[in-house]
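Open the model in your viewer and keep the sequence panel beside it. This tour tells you what to select next and what is there.

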Amino acid sequence: MTSQTEHTAHTTQTAHTITAAASGTWTLGDVTINRMGFGAMRLPQTGEALVQHAVPRDRDEAIGVLCRAVELGVNHIDTAAFYFSPLRSANELINRALAPYPDDLVIATKVGPGRGPSGAWLPHATPEQLRGQVEENLRQLGRDHLDVVNLRIVGADSIAERFGALAELRQAGLIRHLGLSNIHPHHLAEALAIAPVVCVQNRYGIGIRPDHDAFVRSCGEQGIAFVPFYAIAGTGREAGASGAEHEEVLAVARAHGVSPAQVRLAWTLSRGAHVLAIPGTGDLGHLADNVAAGALRLSEDALAALDALHRRGVQEGDPGAQ
């Protein structure tokens with residue numbers, strides 16, 4: 001795989017000619033995917049995600065973004081049944097846009113959280129309720145199995161019963177591969193004692209959880225993909241990036257002739273060949289820019305400046321999963 005620390009001159013290609021293949025590849029489970037993927041959280045609405053009174057996004061606009069993502073070589077899409085707004089569901093948009101699904105497309109979903117019809121959050125699923133959440137994803141996506149299911153958790157308590165319930169569904173053929181989301185490092189060891197884990201999804205980015213750097217590396221040493229979320233949004237979380245940016249990021253963006261968001265994505269990919277990116281957007285221009293970030297190779301000086309910024313924990317002092 002191409003080293004993300006290799007410096008190259010700023011490309012003269014326009015963003016729409018760069019595909020996700022420029023980001024390099026990783027084998028997730030048993031399918032080789034491009035490291036630049038797509039997160040579906042922002043598709044069902046405009047503005048803040050996961051709120052009850054979100055403004056639904058235009059259906060054709062959302063479908064157009066999904067179709068263009070695949071045209072640009074994106075073959076890893078992250079979604080969830082709880083990604084919805086009034087009138088729009090990320091899973092159903094994916095089904096409408098992309099079914100019948102390409103053979104090389106990996107759709108990763110997550111279970112654990114749930115929202116009622118009004119959009120209000122429900123208590124996290126018990127082991128017995130997880131099968132219903134898996135079946136809900138199957139129905140919405142129009143599939144008879146799920147490529148990857150991540151168990152998303154809150155807190156530091158044992159996950160053995162819940163992960164064990166998903167392992168049984170994997171044995172039954174409803175799930176091909178298992179992952180974890182929003183975990184503490186000890187959860188990974190607990191899960192691996194039950195069944196194979198192909199990926200870990202945690203909040204991580206420049207200045208976010210520098211104390212997790214060793215955990216990110218450990219995942220790679222075990223052959224497990226690390227999939228950061230909010231790598232661009234940072235403290236904006238569901239609301240998206242605030243527009244404010246640190247001078248170090250701006251300086252690198254100017255030096256490479258790219259946007260701060262592209263710098264953040266390139267830095268994310270530089271953390272290891274096993275690190276995957278899943279930026280989300282409902283805008284075709286932002287989609288092209290995000291995909292193009294997979295071709296950006298930051299200079300050694302740029303990486304050193306961004307690494308120093310990261311180690312300062314500039315965005316928030318948040319040492320553990322929330």
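The tour starts at a sheet and then moves to charged side chains.

**Before you click.** This is a predicted model, in which local features need pLDDT of at least 70 and side-chain atom pairs count only at pLDDT 80 or more, while totals for chains, interfaces and linings use all residues. Number residues from 1 along each chain as its sequence is written, and note that side-chain values use heavy atoms, with hydrogens and water left out.

**Stop 1: the sheet.** Switch to cartoon view. Seven strands form an open sheet with parallel pairing. Follow the order β3-β6-β9-β12-β13-β14-β15. Strands here are DSSP runs of E with at least two residues, and helices are runs of H or I with at least four, numbered from the N terminus. Two strands pair if DSSP finds at least two bridges between them. In general, strands of a sheet pair through backbone hydrogen bonds, either parallel or antiparallel.

**Stop 2: the edges.** Select 38-39 for β3 and 225-229 for β15. These are the edge strands, and each pairs on one side only. Which residue of β6 is the bridge partner of G39? Pick D78.

Stop 3: Show side chains. The structure holds eleven salt bridges. Each is a side-chain nitrogen of Lys or Arg within 4 Å of a carboxyl oxygen of Asp or Glu. Select E61 and R57: their closest N and O atoms are 3.5 Å apart. R57 is buried at 9% relative accessibility, whereas E61 is partly exposed at 36%. Buried means under 20% relative accessible area, exposed over 50%, and partly exposed in between (1.4 Å probe, protein chains only).

**Stop 4: R271 and its partners.** Select R271 and D213. They form a salt bridge, with the closest N and O atoms 3.4 Å apart. R271 sits in the loop between α8 (260-270) and α9 (284-292), and D213 in helix α6 (residues 213-221), so the pair ties together parts 58 residues apart in sequence. D213 is buried at 12%; R271 is partly exposed at 22%.

D307 lies in helix α10 (residues 300-311), 36 residues from R271 in the chain. Keep D213, R271 and D307 selected together: salt bridges with shared partners join them into one network.
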